[in-house]
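Hi everyone, thanks for coming. Today I'd like to walk you through a protein chain, starting with the whole thing and then going down to single residues.

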Amino acid sequence: LNTPIDRNKIAYFDTESSQFDFYKQIGKIKTFALRDNLPSNIYAFSTREDSPKTIRKMVEQFLIDNQDCSIVVIDGFLDLCLNYNDEKETRLLTNWFKRITKQYNILLIGVLHLGKGSNETLGHLGSNTDRWAQSTLLVEKIKETRQFVLKPKFLRSSDDFEPIALMSFDGKFQQVPFEQPNIENFKKSKK
């Protein structure tokens, strides 16, 4: 990501992970970024124990106090509401997303896990974010090829792009050509 020069702060709110997993995730970020330390412009917060309302207040207070922040990452959106199937609550949350992105002029990147066994987002929250997001990208871990793959699902105002694949070589991630997994060969190798 490239930030505006005068607005280079990035905020990362992890709403799901235990403390151990939060720091493990920070380690993954450093590994993916090919760095030994977290850049000084990235601010990371663990909010697992906080209520949806409190987490939203923390995000907004950070934006008020740090007007040089241009990117907010929230992992994950499900923890910003009590019931991801409640039509009213999830619409209000979606309206909050739209308001803070406009009011604070930020890029909001959110993680919303898919239902088990499907490529569909969960509940009314998933439907709302699919409907009003500028872009929806799928991130898949493909065991057969040992790749992490980023694919476009929906891009409102840009062209599609070919899937981007990353693989780890001795703990360092590199972009590699995307390989569609050959499921038949994978099944044979498991026997």
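This is a predicted model: local features need pLDDT of at least 70, side-chain atom pairs count only at pLDDT 80 or more; totals for chains, interfaces and linings use all residues.

I'll begin with the overall layout, then look at a pair of helices, and finish with a handful of residues.

If you read along the sequence, the pattern goes β-α-β-α-β-α-β-α-β-β-β-β-α.

Now, the overall dimensions. Along the principal axes, the C-alpha atoms fill a box of roughly 55 × 40 × 35 Å. As for the surface, the chain exposes about 12,400 Å², and carbon and sulfur atoms supply 50% of that. Of the 191 residues, 33% count as buried. And look at who touches whom: among contacts with a separation of 6 or more, 57% are between residues 24 or more positions apart.

Okay, on to the helix pair. The crossing of H3 and H4 is right-handed. On the H3 side, the contact is made by Glu87, Thr90, Arg91, Leu93, Thr94, Phe97 and Lys98, and on the H4 side by His124, Leu125, Asn128, Thr129 and Trp132. What classes of residue does that contact have? There are 4 nonpolar, 5 polar and 3 charged residues in the contact of H3 with H4.

Next, single residues. Find Thr47, in the loop between strand S2 (42-46) and helix H2 (52-65). Is Thr47 buried or exposed? Its relative accessible area is 1%, and the cut-off for buried is under 20%, so Thr47 is buried. Setting aside neighbours within four places in sequence, Thr47 is in contact with Phe13, Asp14, Thr15, Ile55 and Met58.

Compare that with Phe32, which sits in helix H1 (residues 19-32). Phe32 has a relative accessible area of 35%, so it counts as partly exposed. Not counting residues up to four places away in sequence, Phe32 touches Phe148, Leu166 and Phe173. Also have a look at Phe32 and Met167: they are 135 residues apart in sequence, and 10.0 Å apart in space from C-alpha to C-alpha.

Last stop: a few backbone details. The peptide bond from Asp75 to Gly76 is cis, with omega near 20°. Gly76 lies in the loop between strand S3 (69-75) and H3.

Then there's Asn105, which has a positive phi of about 50° although it is not a glycine. You'll find Asn105 in the loop between H3 and strand S4 (107-111), and it is exposed, with a relative accessible area of 54%. Arg146 has a positive phi too, about 60°, and it is not a glycine either. Arg146 is in the loop between strand S5 (135-142) and strand S6 (147-155). With 57% relative accessibility, Arg146 counts as exposed.

Note on methods
Residues are numbered from 1 along each chain as its sequence is written. Side-chain values use heavy atoms; hydrogens and water are left out. A crossing is left-handed if the near helix is turned anticlockwise from the far one by less than a right angle, and right-handed if clockwise. Helices (H or I, at least four residues) and strands (E, at least two) are DSSP runs, numbered from the N terminus. Contact means heavy atoms within 4.5 Å. Ala, Val, Leu, Ile, Met, Phe, Trp, Tyr, Cys and Pro count as nonpolar, Asp, Glu, Lys and Arg as charged, and the others, Gly among them, as polar. Buried means under 20% relative accessible area, exposed over 50%, partly exposed in between (1.4 Å probe, protein chains only). Accessible areas come from the Shrake-Rupley method with a 1.4 Å probe; for residues, only the protein chains shown count as cover.
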